[in-house]
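Hi,

Here is the structure I promised to pass on.

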Amino acid sequence: RMEGGKLQYHLAYFDFNEMIDDVVREMQLTTKAHTIHVNLVETPLVYGDKDRIGQVLTNLLSNAIKYSPQARKIDVTSITDEEFITVFVKDYGIGIKKEKQEKIFDRFFRVNGIKEDTYPGLGLGLYISSEIIKRHKGMISIKSVKGRGATFFFKLPINNPVAEVPK
């Protein structure tokens with residue numbers, strides 16, 4: 001649906017921190033092993049598709065939980081400047097090798113290795129997340145050190161009435 005331009009977007013102004021709190025509350029219910037710590041700055045209303053951006057955050061938190069089985073916490077933080085809000089999801093798990101980080105948002109890409117092969121998935125979650133963020137005129141990226149966790153982050157324009165929505 002996304003590639004065919006049939007993925008529907010419902011653009012409106014919404015309370016970004018409220019969306020984050022809602023997603024974190026839901027994701028916290030999926031894990032007893034991890035505590036999700038939230039540290040958000042105050043934000044103005046953001047223009048975009050609240051549910052799709054929530055889907056991105058859900059995917060990042062789900063991956064953080066899945067790929068940090070020995071860790072006990074996940075951090076969700078935000079920063080803003082005059083134009084953008086940036087959200088960081090940091091886990092303390094297995095991490096990703098530097099040479100594989102540039103492909104992590106490619107369709108069907110799966111990190112492979114001894115530890116990674118035990119995690120199910122199709123390799124679509126980060127690709128879809130990347131496409132959603134791009135359609136909102138934002139960017140998504142990762143910083144990671146193998147064996148020391150990963151920090152995924154996405155940046156969105158705060159006032160974006162020209163978000164790219166397929167027709």
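An α-helix has 3.6 residues a turn, so residues three or four places apart point the same way.

Before the rest, some ground rules. This is a predicted model, in which local features need pLDDT of at least 70 and side-chain atom pairs count only at pLDDT 80 or more, while totals for chains, interfaces and linings use all residues. Residues are numbered from 1 along each chain as its sequence is written, and side-chain values use heavy atoms, leaving out hydrogens and water. The pLDDT (the predictor's confidence in each residue, from 0 to 100) averages 85 over the chain, and 81% of the residues score at least 70. Residues 113–118 fall below 50, and this stretch has 7 contacts in the model beyond near neighbours in sequence (contact means heavy atoms within 4.5 Å).

Now the salt bridges (a side-chain nitrogen of Lys or Arg within 4 Å of a carboxyl oxygen of Asp or Glu). The count comes to 4. One of them joins arginine 25 and aspartate 22, at 2.5 Å from N to O. Arginine 25 is exposed at 51% relative accessibility, whereas aspartate 22 is partly exposed at 27% (buried is under 20% relative accessible area, exposed over 50%, partly exposed in between, with a 1.4 Å probe and protein chains only).

Another salt bridge pairs glutamate 18 with lysine 50, with the closest N and O atoms 3.9 Å apart. Glutamate 18 sits in H1 (residues 16–28) and lysine 50 in H2, so this pair ties together parts that are 32 residues apart in sequence. Helices here are DSSP runs of H or I with at least four residues, strands are runs of E with at least two, and both are numbered from the N terminus.

H2 itself covers residues 50–66 and reaches 24 Å from its first C-alpha to its last, close to the 24 Å expected at 1.5 Å a residue (that is, 1.5 Å times one less than its number of residues). Its buried residues include Ile53, Val56, Leu57 and Leu60.

Finally, lysine 137 has a positive phi of about 65 degrees although it is not a glycine. Lysine 137 lies in the loop between helix H4 (125–135) and strand S6 (139–144).

Best wishes
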